[in-house]
Amino acid sequence: MKKFKIPKTPLSTNKSIRFPNDLIDQVEEAIRGQECTFSAFVVEAVRVALENLQEDEN
């Protein structure tokens, strides 16, 4: 069994990016009623995209 460790908040840097309005609407609809922020959604989406790219390279 994996031992529980209290997570540390990762270092982060602010980045300003522009999103098409329709994409913002779609993300906001997807997270409505969820305990998720727009930023958290985008960070997770980027992580998954990077993992997919790495899998495609292998």
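**Surface.** I began with the accessible surface of this predicted model. The protein chain exposes about 6200 Å², and carbon and sulfur atoms supply 53% of that area. Next I looked up burial: of the 58 residues in the protein chain, buried ones make up 5%.

**Overall form.** I then turned to dimensions. The radius of gyration of the protein chain is 15 Å, whereas a compact globule of 58 residues would come out near 10 Å. Along its principal axes, the C-alpha trace spans about 45 × 35 × 25 Å. For secondary structure I noted two helices and zero strands.

**Charges.** I checked how the charges are placed. The protein chain carries 8 positive and 10 negative charges, and I find their mean positions 15 Å apart.

**Aromatic pair.** How many aromatic pairs are there? I count one aromatic pair. Phe19 and Phe38 form it, edge-to-face, with 5.3 Å from centre to centre and 90 degrees between the planes. I also looked up where the partners sit: Phe19 belongs to the segment before α1 (21-31), while Phe38 lies in helix α2, which covers residues 38-57. The two are 19 residues apart, so I note this pair as a link between distant parts of the chain.

**Salt bridge.** As a reminder to myself, side chains of opposite charge can pair when their charged atoms come close. Which side chains meet in a salt bridge here? I found Arg32 and Glu29, at 2.2 Å from N to O. The count for the model is one salt bridge.

I looked up accessibility for both partners. Arg32 has a relative accessible area of 54%; exposed means over 50%, so Arg32 goes down as exposed. Glu29 stands at 48% relative accessibility and therefore counts as partly exposed.

**Glu28.** My last entry is about Glu28, which I place in helix α1. Its relative accessible area is 39%, so I list Glu28 as partly exposed. I then checked Glu28 against Lys3: they are 25 residues apart along the chain, and 35 Å separates their C-alpha atoms.

Key. Residues numbered from 1 in each chain as written. Predicted model: local features only at pLDDT ≥ 70, side-chain atom pairs only at ≥ 80, totals over all residues. Heavy atoms only, no water. Helix = DSSP H or I, 4+ residues; strand = E, 2+ residues; numbered from the N terminus. Rg over C-alpha atoms; globule rule 2.2 N^0.38 Å. Buried < 20%, exposed > 50% of the residue type's maximum accessible area, 1.4 Å probe, protein only. Areas by Shrake-Rupley, 256 points an atom, 1.4 Å probe, with all protein chains shown as cover. Lys, Arg positive; Asp, Glu negative; His and termini not counted. Charge placed at Lys NZ, Arg CZ, Asp CG, Glu CD. Phe/Tyr/Trp six-rings, centres within 6.5 Å; stacked < 30°, edge-to-face > 60°. Salt bridge = Lys/Arg side-chain N within 4 Å of Asp/Glu carboxyl O.
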